[in-house]
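Subject: Structure handover

Hello,

Here is the structure for you to take over. My notes on it follow below.

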Amino acid sequence: MVKKDASSKGAPDRKKSMTEAERMEEEMRELRSDGKLAGGNLLPWLHWLGMQIYSSAKCREVFWGIFFFFLLFCSWTAVFVMLLAGLLATLASYKKPARPEGIPLAPMGLDVLLGRPMQASKDVPGLHSNNNVTITRFGDKYVIAYRQSDVHFPSGKTQIVVAHSADLVDWSVEWTYANGCDLREVLLFEMGGKLMLYFFSLKPAHGQFKPLHVFYTSSEDGSKWADPQKICYEGEVPWEIKVYGEGKDAIAYKSSYLGDHYGTKDVLVLFEQSRDALTWEPVPPCTKESSAVYRGGISEVSFEFTKAGDMVAIGRNEDGDATGFGSQLFYARKGSLGAWTQLKVSLPFRFDSPRLASTSDGEILLFARYAPNRYQLAPSWVDFTYQKVINLALCSLLPKSAAVYRLAPWAEWGETGAGAIQLIRCFEGSAGDTGFFSVTSERGGTGSDSWVVANYTSTTCHSHAPWIYGQMMPSHVYVFRCRAVRAAAA
């Protein structure tokens, strides 16, 4: 869908004549100046406090400063208690949490082999946060695009970087773009012989999440890019675009979300298709008037088609809905891809920033963040808005990693999806702020199950560092060769 000017409609009857997505777009325009999130000013204040604490690189010095203060001005008992508390906290951090029972291991006959990590992002003074990556093949080279900024959170210093490589080792920066807003969720894909790049802009305010516009640009060679143009709905966040088919038969599918993410209102999930990646239409049976495949608290939805042509999808249920908090699985049949069904209850774990990919024998793999703790830690008797606040705050204080999982076939999900997400392996060296994948086929690989996977991770964190600590620290983009293999028959 090419960008439209909603203000041209008659004011009195404008909302009555709007589609479901256009009404949500209008609501988001009205909320842009409101900095409050769920829980009023509590989340922004907690976010500010966390940034002040975790951005400090002098924690050791502060500890010993407090120690000597107690030594000089307080009792020996207070000094002893302080040292003992510090020792116990350190010892407690040494214990690795076990894999939760709710995330079983995948069958041992399926394995994923990973090569060594190769850094793809560049060191730029003052811009140490390299994240939100996308990768594709174009011609005889690999192309990546990623977000580069001074911090993980929305910042006006952000720029989009596009880089090329023929061997995954040496990367040359070909194009950068900045417009004074935060920019993220880059998506590269080929359509009609051109390389397309989608991304969206955010209000550059650390403690807020206010999407502004979606942009696209295109290139004939991956080096010279057209000036970015606005597209899609204002405030929409495209999460995944995949192209199926070739030539005139190629169809691009896009999953995105639009709504008051982290706020108090609903979020819509849109599933659309296009023949040119510029004009988007709802996937039937959805219509323009009612184009959402979901309404509630879900964002970041990845999808994939099965060998039978049906669709499976997974979404992050961070804001929560009537099914709970965590993650939600979706299914749609081949002849009705826009009619999504979901589990009766959300999975209690978050599989953030999901990317689904299929193997040659029909297995569906999930590349996503790994969090060994349940997401819904807030008591269910607490007001729903404050459940959201508590869950978000506690999730930020817990460690994260990155992993690849197996998604069980739809017939095995049942009503609750218990055991549907099965762990294959974690990505070594991924800690802190990490787990944002992109997958493309390997050039010269041994088959359709050979990929190159891009991910980013904090570079100065231990494995048990809280997520928010990693978000304040330097991070880089890495690429891995990756192969799915089956155990040989006995």
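The side chains of Glu-304 and Lys-242 form a salt bridge, with 3.5 Å from N to O. The model is a predicted one, and that applies to everything in this message. Glu-304 belongs to strand 16 and Lys-242 to strand 11, so the contact ties together parts that are 62 residues apart in sequence. Glu-304 is buried, at a relative accessible area of 7%. Lys-242 is buried as well, with 14%, the cut-off for buried being under 20%.

Further salt bridges share partners and join Glu-300, Arg-316, Glu-318, Arg-350, Asp-352 and Arg-369 into one network. The structure holds 24 salt bridges.

Two others meet at Asp-182. Arg-147 bridges to Asp-182, with 2.8 Å between the closest N and O atoms. This pair links distant parts of the chain, since Arg-147 is in strand 4 (residues 141-149) and Asp-182 is in strand 7, 35 residues apart. Arg-184 also forms a salt bridge with Asp-182, and here the closest N and O atoms are 2.6 Å apart. As for burial, Asp-182 has a relative accessible area of 0% and is buried. Arg-184 counts as buried at 7% relative accessibility, and Arg-147 is buried too.

Next, the strands.

Strand 7 (residues 182-191) pairs with strand 8 in the antiparallel sense, over eight bridges. Within that pairing, Phe-189 has Met-196 of strand 8 as its bridge partner. The two strands make a hairpin with two residues between them, and Gly-192 in the turn has a positive phi of about 60°. On to strand 9 (residues 211-219): strand 8 pairs with it over seven bridges, again in the antiparallel sense. Phe-199 has its bridge partner in strand 9, namely Phe-215. Strand 8 (residues 194-202) has eight of its nine residues buried, so it is largely enclosed by the rest of the structure.

Strand 16, which carries Glu-304, is also part of an open sheet of four strands with the order 16-17-18-19 and antiparallel pairing. Its edge strands are strand 16 (299-305) and strand 19 (341-342), each of which pairs on one side only. Inside the sheet, strand 17 (residues 311-321) and strand 18 (residues 324-332) run antiparallel and are joined by eight bridges. Asp-321 stands opposite Gly-324 of strand 18.

Then the pockets and cavities.

The second largest pocket holds about 1200 Å³ of space. Its lining has 38 residues, and those nearest the centre are Thr-136, Lys-242, Val-243, Val-439 and Thr-440.

The cavities of 30 Å³ or more come to two. The largest cavity has about 90 Å³ of space. It is lined by 14 residues, and the closest to its centre are Ala-371, Asn-373, Tyr-375, Cys-395 and Lys-400. Helix 6 (residues 384-396) gives the most to that lining, with three residues.

Last, the surface.

Phe-80, Val-81, Leu-84, Leu-87, Leu-88, Leu-91 and Tyr-94 make up a nonpolar surface patch of about 720 Å². One of these residues, Leu-88, is found in helix 5 (residues 76-93). Leu-88 counts as partly exposed, at 48% relative accessibility.

Asp-123 is in the loop between strand 2 (118-119) and strand 3 (129-138). Its relative accessible area is 62%, so Asp-123 is exposed, the cut-off for that class being over 50%. From C-alpha to C-alpha, Asp-123 and Ser-475 are 9.8 Å apart in space, while in sequence 352 residues separate them.

Regards

How values were computed:
Residues numbered from 1 in each chain as written. Predicted model: local features only at pLDDT ≥ 70, side-chain atom pairs only at ≥ 80, totals over all residues. Heavy atoms only, no water. Buried < 20%, exposed > 50% of the residue type's maximum accessible area, 1.4 Å probe, protein only. Pairing = 2+ DSSP bridges. Patch = residues over 30% accessible without salt bridge, like charges linked within 9 Å, V, L, I, M, F, W, Y side chains within 5 Å. Areas by Shrake-Rupley, 256 points an atom, 1.4 Å probe, with all protein chains shown as cover. Salt bridge = Lys/Arg side-chain N within 4 Å of Asp/Glu carboxyl O. 1 Å grid on protein atoms, 1.4 Å probe; cavity = no way out; pocket = protein on both sides within 12 Å on 5 of 7 lines; lining within 4 Å. Points joined across faces, edges and corners; volume = space filled by probe spheres on them.
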